[in-house]
Amino acid sequence: MIALDQMEGSPLKQEHVAPFLESQQTSLKNTGIWVLKHRPAWSNVVLSYLQDQHSQGEIPEDERESLTELMSASTHHEPLQRWMANRLAQRNVSDDEKEILLDAMQRSPLKDFPMAWKTTLREVLATASPEMQEQVLGIVTARRLAGFGEILTTNFMNTRQPAAFRLKSLGARMHSEPRLAPLEFRTVIAFLDSTHVSAVRHAAVNVLSQADLARAQMLTIAREVIPRAHPFLIPSLVNVFEGCDDKQTLLALIEAISASPQLLELLPKSDLERIFNTFPPEVKDRSAVLMKLVDERDASRLSALEGLEH
């Protein structure tokens, strides 16, 4: 059948595909799926086939990938878009089937994410299992979807949710609504505390690095957060200041680093140079003094290493 499909002026018709799709042999069924993937005009056949497959209950593991690819390749078909949204919204559909639907949505080549999908994804974020919610957050983040700010903010502020999920929700909002309200900022800062596992603390820093922070928030990080932060967070926290052009904030950062030999030990020269190169001219004199300390530190390390070799 693939040979017929590739012939010029192919005589292949929609009805030729049906026996392959109905075959109990996975290889033959996948051949039928391959042909449908390369026939965009046959989207009505794809929809009928998917409806039949999903109505039969559990989908075999060895057919999941081919079904997902077929669904994703056919998402230009509006009736299929609506069927996927409706299927995802139904409470009697298994999580396994919903995972396939969500995976196909994420893989869809469509530039404009269908509104019907967005509406259903918001419902999933509000009501579905944690596993489904995590998958939806992945789609919102990967596709940089707007229009989810309200539900993402609600999930972040929900103290009954795990910390990692809350921060992932807020992180998914950053590309469309990057400002942090005062309470949101304080909550993110609280997640940097040593009582939280390292993955949560890193996730909090990641949110700060994506956020459009207010001047007062940047000053708080420079004056209060960096001097008290765990050593493994310091390089990432300092990176938050890349591109900052506020003189007072940058001077506060330089002062915090200069005042702590421990902080100075933790920061690679290349990172500091990259960040300091974005500083305005009126701050670079102060940063040059700090870079001199870094050079002295590196020279001391090199001398110590050379001493070990002799």
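In this predicted model, the crossing of helices H10 and H11 is left-handed. The two helices cover residues 149-157 and 163-173, and their axes come within 8 Å and cross at roughly 155 degrees. Angles over 145 degrees count as roughly antiparallel, so that is how H10 and H11 run relative to each other. On the H10 side, the contact is made by Gly 149, Leu 152, Thr 153, Asn 155, Phe 156 and Met 157. H11 brings Phe 165, Arg 166, Leu 167, Ser 169, Leu 170, Ala 172 and Arg 173 to it. Sorted by class, the contact has seven nonpolar, four polar and two charged residues.

H7 spans residues 95-107 and H9 residues 130-142; their axes come within 10 Å and cross at roughly 5 degrees. With angles under 35 degrees counting as roughly parallel, H7 is therefore roughly parallel to H9. From H7, the residues involved are Asp 95, Lys 98, Glu 99, Leu 102, Asp 103 and Gln 106. They meet Met 132, Gln 135, Val 136, Gly 138, Ile 139 and Ala 142 in H9. Here the breakdown is five nonpolar, three polar and four charged residues. As for spacing within a helix, an α-helix has 3.6 residues a turn, so residues three or four places apart point the same way.

Ser 108 has 5% relative accessibility and so counts as buried, the cut-off being under 20%. Setting aside neighbours within four places in sequence, Ser 108 is in contact with Ser 72, Thr 75, Trp 117 and Arg 143. Asp 112, on the other hand, has a relative accessible area of 62% and is exposed. Although Asp 112 and Leu 145 are 33 residues apart in sequence, their C-alpha atoms are 9.6 Å apart in space. Over in the loop between H9 and H10 sits Arg 144. Arg 144 is not a glycine, yet has a positive phi of about 50 degrees. Arg 144 is also exposed, at 56% relative accessible area.

Leaving out residues up to four places away in sequence, Ile 226 touches Ile 221, Ile 234, Leu 237, Val 238, Phe 241, Leu 253 and Leu 263.

Zooming out, the protein chain has 19 helices and zero strands. Of its 310 residues, 44% count as buried. Among contacts with a separation of 6 or more, 62% are between residues 24 or more positions apart.

Technical notes
Residues numbered from 1 in each chain as written. Predicted model: local features only at pLDDT ≥ 70, side-chain atom pairs only at ≥ 80, totals over all residues. Heavy atoms only, no water. Axes fitted to C-alpha atoms, helices over the stretch in contact; angles between N-to-C directions. Helix = DSSP H or I, 4+ residues; strand = E, 2+ residues; numbered from the N terminus. Parallel < 35°, antiparallel > 145°, perpendicular 65-115°, else oblique. Left-handed = near helix turned anticlockwise from the far one by under 90°. Contact = heavy atoms within 4.5 Å. Nonpolar A, V, L, I, M, F, W, Y, C, P; charged D, E, K, R; others polar. Buried < 20%, exposed > 50% of the residue type's maximum accessible area, 1.4 Å probe, protein only.
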